[in-house]
Amino acid sequence: MTVEELQKKLADLPLAKIIYFEEIGSTNDFALHLLVEDEGCEDGTLVIADAQTAGRGRFDRKWYTHPNSSLAFSLAIIPSLEEAQKNALFAPLGALAVSLALEDLGLKPKIKWPNDVLLDERKTCGVLAESCWLGGQLKGIVLGIGVNIGKDSIPKAEDLLFPATCVEAHYHKPLDRLDLLRDILKHVFLWRETLTCDNFIKAWEERLAYKGKYVTLQSRNNEAPIKGKMLGVTSEGYLRLEAEPHGSEINVMIGDLKLRPSVE
């Protein structure tokens, strides 16, 4: 992967700038720095690395990216006023874009609410959207996406909190990382235009893993878990659950929660 290869492959996308590193701590951290320091970070600035040494996911989980085996990139977004009111949906936007790109390959991904992408109930992609605030104003959003492509990208079993896999284990042949990157970004830009529409929620909801099944949500501080049957999502991205034990519907906000399938 070189910056010249990236520029050629992504030439037809509305990117403001491409910043490439052979190795970096975290593409999200670098993109956030550009936003915070106001260093010419335009809407659509792409930060991408062949290897990440300090990548992270939700709950500050480590996300390592080994050379030549993964995708690790962050897209800086300057939201409109309307988009800013739906800023919680940018992480699901990333998950939807990855899912659609994998569907283009003939695969059948699912989205573990709110934003992990699964193949055969194993995680192959994580998405982390981080907001940059200046006072009470949303200055920008960094949409970070990490995709396991080759077998070397799968973390060791002892480092996993959820079973993991890689795209090539299901695609069964070598995959051009830059082709997948282009398709993911294409879907990000296309579906960003629908972020405030019902079509976006419908497309996300149709791909939810465990929909119609019982799940357990556990908070980071080990409060009593929430259990219930997954019904779908609201227009704000809240998870709709038929809660146990009385069967009333509750809406669970996107936050520091781990979702797992549970025994009915």
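This is a predicted model: local features need pLDDT of at least 70, side-chain atom pairs count only at pLDDT 80 or more; totals for chains, interfaces and linings use all residues.
1. The largest nonpolar core comprises 64 residues, and Ile 184 and Leu 185 have the most contacts inside it. Helix α4, residues 90-104, is the element that gives the most to this core, supplying 10 residues.

2. Leu 185 can be followed through its partners. With neighbours within four places in sequence left aside, Leu 185 is in contact with Leu 10, Leu 13, Leu 15, Leu 46, Phe 73 and Leu 75.

3. Helix α4 packs against helix α6 (residues 177-192) at an angle of about 130°, and the two axes lie 8 Å apart. That angle makes α4 oblique to α6. The crossing of the two helices is right-handed.

4. On the α4 side, the residues that meet α6 are Phe 90, Leu 93, Leu 96, Ala 97, Val 98, Leu 100, Ala 101, Leu 102 and Asp 104. On the α6 side they are Leu 180, Asp 183, Ile 184, Lys 186, His 187, Val 188, Trp 191 and Arg 192. Sorted by class, this contact has 12 nonpolar, 1 polar and 4 charged residues. Ile 184, named above for its contacts inside the largest core, is one of the α6 residues that meet α4.

5. Lys 258 belongs to strand β12, residues 257-261. Its relative accessibility is 34%, so Lys 258 counts as partly exposed. Between Lys 258 and Pro 114 the separation is 144 residues in sequence, and 9.8 Å in space from C-alpha to C-alpha.

Conventions:
Residues are numbered from 1 along each chain as its sequence is written. Side-chain values use heavy atoms; hydrogens and water are left out. A nonpolar core is a set of buried Ala, Val, Leu, Ile, Met, Phe, Trp, Tyr and Cys residues joined through side-chain atoms within 4.5 Å. Buried means under 20% relative accessible area, exposed over 50%, partly exposed in between (1.4 Å probe, protein chains only). Helices (H or I, at least four residues) and strands (E, at least two) are DSSP runs, numbered from the N terminus. Contact means heavy atoms within 4.5 Å. Axes are lines fitted to C-alpha atoms, for helices over the stretch in contact, and angles run from 0 to 180 degrees between N-to-C directions. Angles under 35 degrees count as roughly parallel, over 145 as roughly antiparallel, 65 to 115 as roughly perpendicular and the rest as oblique. A crossing is left-handed if the near helix is turned anticlockwise from the far one by less than a right angle, and right-handed if clockwise. Ala, Val, Leu, Ile, Met, Phe, Trp, Tyr, Cys and Pro count as nonpolar, Asp, Glu, Lys and Arg as charged, and the others, Gly among them, as polar.
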